[in-house]
Structures are given as structure tokens and as C-alpha cells.
Amino acid sequence: MKSKVNFSTYTYILTSIISLALFAILIFSVRDEPTFFYVLAVYLVLIFLGLYFSPLYVIADPKTVRAKSILHSIKIPVKDIVSVELFQPTMGARRLFASGGYMGYWGYFREGDVGNYRGAFGKASDCFLIRLKNGDKYVLGCEDPKAMVDYIKAHMNATAGA
């Protein structure tokens, strides 16, 4: 099963504003080499991090669940999953090392009632929470999170029964 990640309007606006602002600073600082190269480095790092971590799809098959970005994939073996449920991150979630909207929501977060988790989603209303046997938690998001949760649960039960 493959499901696209939808991004919130806030994500599109924030990504556009930051990217355009950095690009404008580059244009205006072209004659000031230190500033230009500093801003260029920040711009390139942000773009690389976004391409590496920003999720495009969530893909599940009988053996793995993956959050796929352009340059990277988070792979979660179904046999290691303890539970999967619909989940909506709150505005109270703290970013430990994460993006709060630039090219989506990705990285490491801390939520009061859930604890620390790794997130990869486009908008909070499309998320689900995966808990692993080792205590790790993942919050992933996709177009149809309920169908994804049902699909993963069906394969968890099939794996447990085998």
C-alpha cells in the first residue's frame, strides 16, 4: 500500500517564505562575500535536510513500513511493531531536532503524553503513531491514515499468527 503525504497550507507558506527570503538575501549580498557564502551554506544545508528528511510517501507491505523522502527512507519492520493507532500531534510538541513546518514536519519531537518520537508528516491531522518493541515511536502521516493503520494492523496480526 502506498499513500502520498499531503502538506498543510502552513507548510507551503513557511517553506516559500524561508526559501524566498534566503534567496533574496543571496541576491543582495552577492558583493559581500562572507555574508553571501554564509547564507549560501545555510540555504544549501536547509535544502539538503529537507530533501533528506521531508516525507513524500508512506509505503507499507507485509514486512515493512517506510516513510520515503527524495534522499532517504525510514524503514520499520512490521515484526517489531507493538501497536499502531491514529494520532494527532499537538502544538505543544517540542522540537528536539526537527522542522516545525519547513518542507513538512520531520525530525525528533517530544510530546507530553507520548514521550519522544521520530516524526515524518505533512500535516498533523493525517498522522498515525507506531510503537515498537524496543520502545521507539514513530509518527508518520499520509493521505489516508486510517486505511494505512488498518493495513498495518492486518499484517501485524498475520505476522503474530505465523
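Predicted model: local features only at pLDDT ≥ 70, side-chain atom pairs only at ≥ 80, totals over all residues.
Which residues does Thr15 touch, not counting residues up to four places away in sequence?

View 1. Residues are numbered from 1 along each chain as its sequence is written, and side-chain values use heavy atoms, with hydrogens and water left out. Thr15 touches Gly101, Tyr102 and Met103 (contact: heavy atoms within 4.5 Å). Thr15 is part of helix α1 and counts as buried, at 16% relative accessibility (buried: under 20% relative accessible area; exposed: over 50%; partly exposed: in between; 1.4 Å probe, protein chains only).

**View 2. The open sheet.** The order of its 6 strands is β5-β9-β10-β8-β7-β6, with mixed pairing (strands: DSSP runs of E, at least two residues; helices: H or I, at least four; both numbered from the N terminus). Two strands pair if DSSP finds at least two bridges between them. Because β5 (81-86) and β6 (94-101) each have a single partner strand, one side of each is left without a neighbour in the sheet.

**View 3. Strands β7 and β8.** Strand β7 (residues 104-111) runs antiparallel to β8 (residues 115-121), and 7 bridges join them. Arg118 in β8 is the bridge partner of Tyr108.

**View 4. Helix α1 on the sheet.** Helix α1 (residues 9-28) lies across β6 and β7, at about 90 degrees to β6 (axes: lines fitted to C-alpha atoms, for helices over the stretch in contact; angles: from 0 to 180 degrees between N-to-C directions).

**View 5. Leu71 in its loop.** The loop between β3 (64-68) and β4 (73-77) holds Leu71. Leu71 is partly exposed, with a relative accessible area of 44%.
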